[in-house]
Amino acid sequence: MPTFTHLIFDLDGTIINSKLGLLNSTNYMLQQMGINHLDSTDFVDQLIGPPIQDGLKNVLGFREKQVELGVRLFREYYSTRGLYEGELFPGILDLLEELQTQGKQIYLATSKRDQFVSTVIRHFELDRYLDDVQGAGNGGKHTKAELITKLMDRNQINPSEKVVMIGDTIYDIIGGQANEISTIGVGYGFGKSEEIQRLNPTYFAKEVEELFELLV
């Protein structure tokens, strides 16, 4: 079994099941824009992972002005209600507690804006387990690879197989591989398992229980 010393977790779809809040935020955005013919349940999973601007453009085909408005409306709902409409995946809290007990260094790398990240981790009481957090600043576009690089540089973490990125989308795997660290794709989140496995992550965990076995 692998022995990891530094663990970098994604947030949405890996630690928190935030789909309800994201779905409600997307519905609010579409309603406010007068777009009522789209069923957000069909594409909300595809909006998770990359920056929201990319999702609106690539998944929904929004033009530049629509993207600007869509982002503002999405965040309008999400910042006051959506970010609280979620729950920790069963078993995640036990995993984090055990990793902390074992002296592992635990980090978070997410495409959420910093203001949302800090609120979410406090609300779900995750801050007690995390050594450092890397969000997406104040809304600029950042790839997951860039976020991981910033986190590693700030904490003086050198590329190694003992460092691992854990996430539920292809962006997490691509980001980890770009930084020359191990990767674990998880199948219980929002990404498509076949797409993740096609990238040949170092390991793949279908459920939190399997992730627990890999990490503990």
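These notebook entries record what I looked up in one predicted structure.

**Ground rules.** I worked from a predicted model, where local features need pLDDT of at least 70, side-chain atom pairs count only at pLDDT 80 or more, and totals for chains, interfaces and linings use all residues. Residues are numbered from 1 along each chain as its sequence is written, and side-chain values use heavy atoms, with hydrogens and water left out.

**Entry 1: the whole chain.** I began with the inventory. The chain has nine helices and eight strands. Both are DSSP runs, numbered from the N terminus: helices are H or I with at least four residues, strands are E with at least two. Next I looked up the extent. The C-alpha trace spans about 50 × 35 × 30 Å along its principal axes. The radius of gyration is 17 Å, which agrees with the value near 17 Å for a compact globule of 216 residues. That radius is taken over C-alpha atoms, and the globule rule is 2.2 Å times the number of residues to the power 0.38.

**Entry 2: the sheet.** In what order do the six strands of the open sheet stand? I read E5-E4-E1-E6-E7-E8, with parallel pairing. Two strands count as paired if DSSP finds at least two bridges between them. Strand E5 (132-134) and strand E8 (203-205) are the edges; each has a single partner strand, so one side of each lacks a neighbour in the sheet. The twist averages 20° from one strand to the next. Angles run from 0 to 180 degrees between N-to-C directions, and axes are lines fitted to C-alpha atoms, for helices over the stretch in contact.

I then went through the pairings. E1 joins strand E4 (residues 105-109) in the parallel sense over four bridges. Isoleucine 8 stands opposite tyrosine 107 in E4. E1 also pairs with E6, again parallel and over four bridges. Phenylalanine 9 has isoleucine 166 in E6 as its bridge partner. Strand E7 (residues 182-186) runs parallel to E8, and three bridges join them. Valine 186 is bridged to alanine 205 in E8.

**Entry 3: helices on the sheet.** Helix H7 (residues 170-178) packs on the sheet and touches strand E6 (163-167) and E7. Its direction makes about 175° with that of E7. Contact here means heavy atoms within 4.5 Å. Helix H9 (residues 208-215) lies across strand E1 (6-9), E6, E7 and E8. H9 runs at about 140° to E8.

**Entry 4: H1 and H3.** The axes of helix H1 (residues 19-32) and helix H3 (residues 64-78) come within 8 Å and cross at roughly 130°. That makes H1 oblique to H3. The classes are these: under 35 degrees is roughly parallel, over 145 roughly antiparallel, 65 to 115 roughly perpendicular, and the rest oblique. The crossing is right-handed. A crossing is right-handed if the near helix is turned clockwise from the far one by less than a right angle, and left-handed if anticlockwise. H1 contributes residues including Gly21, Leu22 and Met29, and H3 contributes Leu73, Phe74 and Tyr77 among them. The contact residues divide into seven nonpolar, six polar and one charged. Ala, Val, Leu, Ile, Met, Phe, Trp, Tyr, Cys and Pro count as nonpolar, Asp, Glu, Lys and Arg as charged, and the others, Gly among them, as polar.

**Entry 5: H4 and H9.** How do helix H4 (residues 92-101) and H9 cross? Their axes come within 10 Å and cross at roughly 5°. That makes H4 roughly parallel to H9. Ile92, Asp94, Leu95, Glu98 and Leu99 of H4 meet Val208, Leu211, Phe212 and Leu215 of H9. I noted seven nonpolar, no polar and two charged residues in this contact.

**Entry 6: H6 and H7.** Helix H6 (residues 144-154) and H7 have axes that come within 8 Å and cross at roughly 50°. The two are therefore oblique to each other. Their crossing is right-handed. Lys144, Ala145 and Ile148 of H6 touch Tyr171, Asp172, Gly175, Gly176 and Ala178 of H7. This contact holds four nonpolar, two polar and two charged residues.
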